[in-house]
2 protein chains.
Amino acid sequence: MSTRFFQFVGGDTGVWRVVKTHTLIGEPLLDVARLDVVAGQDNASQPDSGWLLRGITSNERYVERAEKNTLVEKQQGLGRPEATCAALIPIRKNAAWWALTQDERRHIFEGQSQHIQIGLDYLPAIARRLHHCRDISENEPFDFLTWFEFAPTDEEAFNQMLMQLRASEEWQYIDREVDIRLVREA
Amino acid sequence: MSTRFFQFVGGDTGVWRVVKTHTLIGEPLLDVARLDVVAGQDNASQPDSGWLLRGITSNERYVERAEKNTLVEKQQGLGRPEATCAALIPIRKNAAWWALTQDERRHIFEGQSQHIQIGLDYLPAIARRLHHCRDISENEPFDFLTWFEFAPTDEEAFNQMLMQLRASEEWQYIDREVDIRLVREA
């Protein structure tokens with residue numbers, strides 16, 4: 001059975017070497033040398049100098065059936081041999097976002113911000129997995145951890161995609177965001 | 001700051017005395033004498049003979065703005081002196097439910113099952129708090145824990161409300177449900 005729970009351990013070990021850590025808004029994350037992605041619960045511990053972020057994959061909260069069908073048709077899995085670049089982007093949304101109702105959030109998410117459509121435009125090049133943190137406990141430092149994998153030749157496209165998302169209405173609700181770029185070194 | 005994390009400890013202690021435990025579908029929960037409701041994290045431990053269920057309150061997943069306004073206007077808080085009866089109803093939804101998209105789930109939840117409208121009909125008599133479990137970890141025994149409080153004179157109405165919900169399309173996706181009735185004995 002495949003796990004839904006993932007831990008991202010920033011420290012001195014792991015196959016992913018950190019190329020750059022850039023804090024866009026809010027409190028920074030400590031700079032680390034490497035990242036370990038641990039699948040499943042209770043396997044990882046906080047490194048002496050570094051951090052541990054954890055999240056759980058979940059049901060989709062905004063995607064509708066027609067969008068889902070297109071997503072499933074176009075998207076690629078993680079772990080493609082050519083996808084030697086990765087990004088971990090932890091974000092937190094502010095209290096105003098969480099006070100909105102489902103229809104209001106969906107309206108901003110897709111109606112105004114076209115979050116799903118922007119993502120679709122970059123498939124199949126960019127593979128991604130979204131992890132939710134908010135309901136694991138009351139004290140998680142972020143609401144979402146998104147993990148992206150892509151080939152070096154698609155890095156330009158990846159940056160373009162982020163630029164579009166960050167310019168959207170939805171991003172006005174984000175009060176913490178860190179962008180960690182990595183390369184695989186097995 | 002008010003907590004979002006709650007633990008329900010079934011055992012020998014707590015101000016709530018268990019009157020009846022009824023398993024409607026799926027694996028039963030052990031019969032216990034009393035229930036303790038613990039607010040906040042890391043305060044409770046699994047009793048020697050009994051169980052511990054935990055959940056976290058969250059943003060609303062289906063309610064739309066107009067419904068929310070009516071809810072806020074009509075609903076009462078927990079802890080009313082006259083509300084000496086309570087019910088804890090843990091439920092789990094099946095894989096088919098979680099594979100649905102947001103629009104499909106909302107359609108079944110309110111379009112077909114009128115979950116929100118049925119609940120509104122019983123306000124302000126029945127106070128409730130919904131706790132999510134599914135994203136706390138991979139191994140939670142239920143998806144949702146709902147806690148209800150009401151006066152003894154409203155028990156009949158409470159049973160009526162449950163009957164309506166259980167007859168709905170939405171309940172066809174439920175594969176585990178236990179109904180624990182309690183009275184407050186301080």
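Copies are superposed by least squares on the C-alpha atoms of residues with pLDDT of at least 70 in both. With that in hand, here are some exercises on this predicted model.

**Exercise 1. Work out how chain B relates to chain A, and find which residue of chain B comes closest to the rotation axis.**

Next, look along the axis: I136(B) is the residue of chain B that comes closest, its C-alpha lying at 2.0 Å.

**Exercise 2. Describe the interface of chain B and chain A: how much area is buried, and which residues of chain B lose the most?**

Begin with the contact, to which chain B and chain A give 29 residues each. Between them the chains bury about 2,600 Å², with 39% of it on carbon and sulfur atoms. On the side of chain B, the most area is lost by N59(B), D135(B) and E138(B), together 25% of what that side buries.

Now turn to the polar side of the interface. Six salt bridges cross it, and one joins the side chains of R4(A) and D135(B) at 3.0 Å, N to O. There are also 26 residue pairs in polar contact across the interface. As for helices, α1, α2 and α3 of chain B each supply at least two residues to the side that touches chain A, and α3(B) gives the most, with four. By type, that side of chain B has eight nonpolar, nine polar and 12 charged residues.

**Exercise 3. Decide whether the partners in two salt bridges of chain A, R106(A) with E67(A) and E185(A) with R34(A), are buried or partly exposed.**

Take R106(A) and E67(A), whose closest N and O atoms are 2.9 Å apart. R106(A) lies in helix α3 and E67(A) in helix α1, so the pair ties together parts that are 39 residues apart in sequence. The cut-off for buried is under 20% relative accessible area. R106(A), at 18%, is therefore buried, and so is E67(A), at 15%.

Then take E185(A) and R34(A), with closest N and O atoms 3.6 Å apart. This pair links the segment after β8 to strand β3, 151 residues apart. R34(A) is buried at 19%, whereas E185(A), at 32%, counts as partly exposed.

Notes:
Residues numbered from 1 in each chain as written. Chains lettered and ligands numbered in written order. Predicted model: local features only at pLDDT ≥ 70, side-chain atom pairs only at ≥ 80, totals over all residues. Heavy atoms only, no water. Contact = heavy atoms within 4.5 Å. Buried area = accessible area lost by both parts, 1.4 Å probe. Salt bridge = Lys/Arg side-chain N within 4 Å of Asp/Glu carboxyl O. Polar contact = N/O pair within 3.5 Å; in protein donor to acceptor, adjacent residues only side chain to side chain. Nonpolar A, V, L, I, M, F, W, Y, C, P; charged D, E, K, R; others polar. Buried < 20%, exposed > 50% of the residue type's maximum accessible area, 1.4 Å probe, protein only.
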